[in-house]
Amino acid sequence: MKQNPCIKDHLIPTSHLLGSGTATCSGCGALADIKLFYEILGEKTVFVNAAGCMTLLTVYPFTPFSGSWIYTAMASAPAGAQGVRDALDLLVQKGRIPAEENLQVVVLTGDGSAYGMGLSATSGAMERGLDFIYICYDNEGYGNTGHQFSAATPHAAATATSKGMSGHQGYKKDLFSIWAAHKPSYLATVSGADPQDMVRKIKKAKDLSGPRMFIALAPCPTGWHFDASQTVAIGKMAIKTGIWPLKEYENETVTHSRIPKAKDKRPLVDEYLKMQGRFAHLFAGERNDKLLAEIQNRVDAYWQDI
Ligand SMILES: Cc1ncc(C[n+]2csc(CCOP(=O)(O)OP(=O)(O)O)c2C)c(N)n1
Ligand code: SF4
Ligand SMILES: [Mg+2]
């Protein structure tokens with residue numbers, strides 16, 4: 001059976017076509033995030049993936065991963081992970097596989113699953129103390145089906161289902177706080193635009209057990225409407241403006257691993273929004289000062305006491 005080359009060596013963030021049956025767009029931020037996770041977690045992993053863009057990485061019989069991969073319905077990845085974990089534990093216990101061949105179970109879903117359809121299954125898995133890693137690559141919409149809004153879509157963004165001059169009416173759900181309320185072993189936000197911070201957090205999680213949860217910002221050229229060359233620049237601006245806080249939850253304590261400059265010294269969120277076509281309506285013709293001020297105020301309020 002022909003296998004695509006190992007993701008570790010051959011997938012680069014700007015890959016357009018990874019091989020027969022496996023494709024993502026040029027400049028895909030999610031792919032860059034996953035590549036980094038895979039480099040650290042390695043091939044002794046089972047990825048349990050809910051339907052989304054990354055599902056197209058592995059289309060039977062082709063895969064760029066050298067570990068294992070299972071595909072589930074959007075709502076079910078953490079439940080699937082429980083089954084895989086239980087099966088592995090039994091196999092080791094009965095001596096059917098040696099302990100050194102045990103695998104790390106990794107849930108990989110988009111925000112549509114993590115913030116929405118899969119939240120109940122995730123809650124249950126954390127409550128049961130499931131020994132797994134969860135990676136949510138957050139491209140802030142239903143990317144795979146044409147970028148409709150999800151519960152992670154930011155206020156005012158244009159999506160396939162949020163048109164008009166004020167864009168998306170809803171607000172991005174605070175998934176970090178919802179997950180933290182379950183007291184997992186570890187929880188962090190990360191960004192491929194700050195690989196140093198991300199690598200440190202993945203390595204820390206790898207050495208722990210129990211539920212270890214990640215939310216990774218995944219700039220999406222296709223859904224956010226920007227040139228594929230801008231993925232890292234947009235990720236960096238998200239951190240600098242403070243709109244994407246890099247933080248960790250451990251032992252019931254939240255700490256920020258990067259703190260942006262003081263309010264009057266850091267770039268306005270405008271600098272981040274202007275880089276993306278999904279916010280172009282806020283700047284076209286007459287600038288939408290009211291909405292822009294609302295977005296800025298929410299970011300400033302977040303950092304006020306930190
Ligand atoms: C219950 C259900 N509804 C709708 C779909 C169709 N569908 C497949 S992928 C997808 C989008 C998933 O969004 P997200 O989890 O954010 O991943 P992304 O596509 O952005 O990578 C949808 C709606 C589905 N597979 N299952
Ligand atoms: S739509 Fe976005 S998240 Fe999906 S493959 Fe393309 S760039 Fe990546
Ligand atoms: Mg998504």
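Reply: What follows is a set of questions and answers on a predicted model, each setting a value against its definition.

Me: How do you know what radius of gyration to set the chain against?

Reply: The rule for a compact globule gives a radius of gyration near 19 Å for 306 residues, and because the chain itself has 19 Å, the two agree. The C-alpha atoms fill a box of roughly 70 × 45 × 30 Å when it is taken along the principal axes. Within the chain there are eleven helices and ten strands, and buried residues make up 52% of the 306 residues.

Me: What share of the contacts with a separation of 6 or more comes from residues 24 or more positions apart?

Reply: Such residues account for 68% of those contacts in the chain.

Me: Why is strand β5 called largely enclosed?

Reply: A residue is buried when its relative accessible area is under 20%, and seven of the seven residues of β5, which spans residues 104-110, are buried, so the strand is largely enclosed by the rest of the structure. In a regular strand the side chains alternate between the two faces of the sheet. Both faces of β5 are covered, with Gln-104, Val-106, Leu-108 and Gly-110 buried on one side and Val-105, Val-107 and Thr-109 buried on the other.

Me: How do you know that β5 pairs with strand β3 and with strand β6?

Reply: Two strands pair if at least two bridges are found between them; β3 (residues 45-50) and β5 have five bridges in the parallel sense, and five bridges also join β5 to β6 (residues 132-138), again running parallel. On the β6 side, the bridge partner of Gly-110 is Tyr-137, while that of Val-107 is Tyr-134.

Me: What makes β6 mostly covered, and which strand is joined to β6 by seven bridges?

Reply: Seven of the seven residues of β6 are buried, and the strand is described as mostly covered on that count. Phe-132, Tyr-134, Cys-136 and Asp-138 point one way, Ile-133, Ile-135 and Tyr-137 point the other way, and all are buried. The seven bridges join β6 to β8, and these two strands run parallel; in β8, Phe-214 is the bridge partner of Ile-135.

Me: Why is Thr-72 called buried, and what does Thr-72 touch?

Reply: The cut-off for buried is under 20% relative accessible area, and Thr-72 counts as buried because its relative accessibility is 12%. Thr-72 lies in strand β4 and, leaving aside residues up to four places away in sequence, touches Val-48, Asn-49, Ala-50, Ala-51 and Ala-77.

Me: What covers the buried residues of α9?

Reply: The buried residues of α9 are Thr-231, Ile-234, Gly-235, Met-237, Ala-238, Ile-239 and Thr-241, and their cover includes α2, β7, β8, α8, α10 and α11. Just after α9, Gly-242 takes a positive phi of about 90°.

Me: Why is Asn-251 called exposed, and what is the phi of Asn-251?

Reply: Exposed means over 50%, and Asn-251 counts as exposed because its relative accessibility is 67%. Its phi is near 50°, a positive value in a residue other than glycine, and Asn-251 lies in the loop between β9 and β10. His-225, in the loop between α8 and α9, likewise has a positive phi, near 60°.

Me: What kind of peptide bond joins Tyr-60 and Pro-61?

Reply: The bond is cis, with omega about 5°, and Pro-61 has its place in the loop between β3 and β4.

Conventions:
Residues numbered from 1 in each chain as written. Chains lettered and ligands numbered in written order. Predicted model: local features only at pLDDT ≥ 70, side-chain atom pairs only at ≥ 80, totals over all residues. Heavy atoms only, no water. Helix = DSSP H or I, 4+ residues; strand = E, 2+ residues; numbered from the N terminus. Rg over C-alpha atoms; globule rule 2.2 N^0.38 Å. Buried < 20%, exposed > 50% of the residue type's maximum accessible area, 1.4 Å probe, protein only. Contact = heavy atoms within 4.5 Å.
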